[in-house]
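Hi there,

Here is the model I promised to hand over. Please have a look, and then read on for what turned up in it.

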Amino acid sequence: MPVAIGLIDANNFYASSEKVFDPKLSGRPVVVLSNNDGCVVARSAEAKQIGIGMGAPVFEVRSLIDRYGVEVLSSNYSLYADMSWRFQTVLEDFSPDIEHYSIDEVFMKMPLSSGRTLVETGREMRRAVGALTGIPVSVGFAETKTLAKVAIEHAKKSRKAGGVVDLVRSPYTDVALERLPVADVWGVGFRYAGMLEKQGIRTALDLKHADDNWVRKKMTVVGLRTVYELRGIQCIPFEPTPKAKQMLCVSRSFGARTGSLREIRAAVAFFTAKAAEKLRRNGLVAGRLTVFVATDRFKDDPQYSGSHTVSVAPKSASTIELMELAQRALEKAHRHGFLIRKAGVMLGDLELAGKAGGRLWEQDRYELHCRLMLAVDELNEKYGDGCIRYGVFPDAGVWRTKFEMRSPSYTTDWSQIMTAH
DNA sequence: TCTGGGGTCCTAGGACCC
DNA sequence: TCTGGGGTCCTAGGACCC
């Protein structure tokens, strides 16, 4: 049976999630900020309309915020993760073949021969998700993922489309491509867009007809795949089961710069504990650990960025063992005399804990470690993050991230549940 | 000083995504 | 004063081997 790719994407997802729970945000411009309340990472339709750009630093759009009374919120990831789970679960009723692509998007394989048209199915999806979660979504259908992205771009922009566009075997595909600036093609980022425009390739349609060899040379096989996908040839696979993680990373910009190695140590200890928790939550062990530090690239300060990688042998998910290695790696990565603004811990060579095999010695001690860690993870989950910690990382410190405008975690924390008056 | 071919593995850096 | 975090994939180049 012929199959189409469907793409369902939540509109302004973070801002929409906030609106679901706070009626006074309705009809108002809303923006959600990144960590440290630094940049705008999500905007409601009203906020887009008054010209607040994606990724804009808050201080640059301050005057717009004040002039229009924009609601400004720190990001609340536990709320968004929960809302994401909700709306994606509703969609599972429409096809068993679903790829949970990102927090606000799913790809689905849609059979073509059922009673109703894809556009009708898309409208039904919007209705169901809206009714059950309050989240508005857009829907696009096409022969490939890249074309489904094209479809959804138009679904979002066109009033006539009503939130759903179907480009499967459509005579309008080339029209849709011609109306799409090349920079808006999935897989074409800031750099490639500049390079392509210089070559006179300005629209998605131009890119579709670009010379294969030239594209291969300038944009590697990755770019060539995009071009093929625009031609309707599937190159980017549909992946219903998520791939095994290869790497995980915990990093933050600090609330302020610091030259104190003591403070950086505390930050790295905190990141390591977080990263190790993530490992255990996923049932993984790590074989490599990297610590990196960097100065503030927006300042005139002397710039430095350094990293150091150590191998973790035998592979481990023990916070205690990783902490030790991380501090050693930090010694190597760090250089005195610079004001550090950002640091992080990356874990690589990940493997399922069960597969990694036993240890030649001290197996007993490691197993004891694991049981202790699991107990600590549980307590932290139950009684709040950081209720039990390893070693010393002080509560206060310039490296702590700021969240000064966070909305309540309505759906994931009993103490913050909504109350009706 | 000139001077092979072919293969693997690793790393750093650059591009992209949400 | 104020500029996010967490990922993937590909390529080039170096080290090393026969």
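This is a predicted model: local features need pLDDT of at least 70, side-chain atom pairs count only at pLDDT 80 or more; totals for chains, interfaces and linings use all residues.

Arginine 169 counts as exposed because its relative accessibility is 62%; here buried means under 20% relative accessible area, exposed over 50%, and partly exposed in between, with a 1.4 Å probe and protein chains only. The residue sits in the loop between β8 (164-166) and α7 (173-178), where helices (H or I, at least four residues) and strands (E, at least two) are DSSP runs numbered from the N terminus.

Residues are numbered from 1 along each chain as its sequence is written, chains are lettered from A and ligands numbered from 1 in the order in which they are written, and side-chain values use heavy atoms, with hydrogens and water left out.

Back to the backbone. Aspartate 349 also has a positive phi, about 50 degrees, although it is not a glycine. This aspartate is found in the loop between β12 and β13 (351-352), and it counts as partly exposed because its relative accessibility is 41%. Then there is a cis peptide bond between alanine 313 and proline 314, with omega about -5 degrees; proline 314 lies in strand β11 (residues 305-316). For context, most residues other than glycine have a negative phi, and most peptide bonds are trans.

Next, the DNA. A residue is near a strand if one of its heavy atoms lies within 4 Å of it, and a polar contact is a pair of N or O atoms within 3.5 Å. By class, Ala, Val, Leu, Ile, Met, Phe, Trp, Tyr, Cys and Pro count as nonpolar, Asp, Glu, Lys and Arg as charged, and the others, Gly among them, as polar.

DNA strand B is surrounded by 14 residues, and the closest are Ser102, Lys149, Gly187, Gly189 and Tyr192. Of the atoms of DNA strand B within 4 Å of the protein, 100% belong to sugar or phosphate.

- Serine 102 places a polar side-chain atom 2.7 Å from a sugar or linking oxygen of DNA strand B.
- Tryptophan 186 has a side-chain N or O atom 3.0 Å from a sugar or linking oxygen of DNA strand B.
- Tyrosine 192 has a backbone N or O atom 2.9 Å from a phosphate oxygen of DNA strand B.

The elements that give two or more residues to this surface are β5 (98-102) and α8 (190-198), and α8 gives the most, with three residues. The surface near DNA strand B has six nonpolar, three polar and five charged residues.

Which residues are closest to DNA strand C? They are Cys249, Ser251, Ser253, Lys299 and Arg341, out of 27 that surround it. Sugar and phosphate make up 77% of the atoms of DNA strand C that come within 4 Å of the protein. Its phosphate oxygens have these polar contacts, among others you may find:

- Lysine 245, through a polar side-chain atom at 3.2 Å.
- Serine 251, through a polar backbone atom at 2.4 Å.
- Arginine 341, through a polar side-chain atom at 2.3 Å.

α10 (212-230), β9 (248-258) and β12 (340-348) each supply at least two residues of the surface near DNA strand C, with the largest share, six residues, coming from β9. By class, that surface has 10 nonpolar, seven polar and 10 charged residues.

Finally, strands. Strand β2 (residues 30-33) runs parallel to β4, and four bridges join them; two strands pair if DSSP finds at least two bridges between them. Valine 32 has leucine 73 in β4 as its bridge partner. Within β4 (residues 71-74), Glu71 and Leu73 point one way and Val72 and Ser74 the other, and all are buried.

Arginine 288 and serine 16 are 272 residues apart in sequence and 39 Å apart in space, C-alpha to C-alpha.

How values were computed. A polar contact is a pair of N or O atoms within 3.5 Å; within protein, one must be able to donate a hydrogen and the other to accept it, and residues adjacent in sequence count only if both atoms are side-chain atoms.
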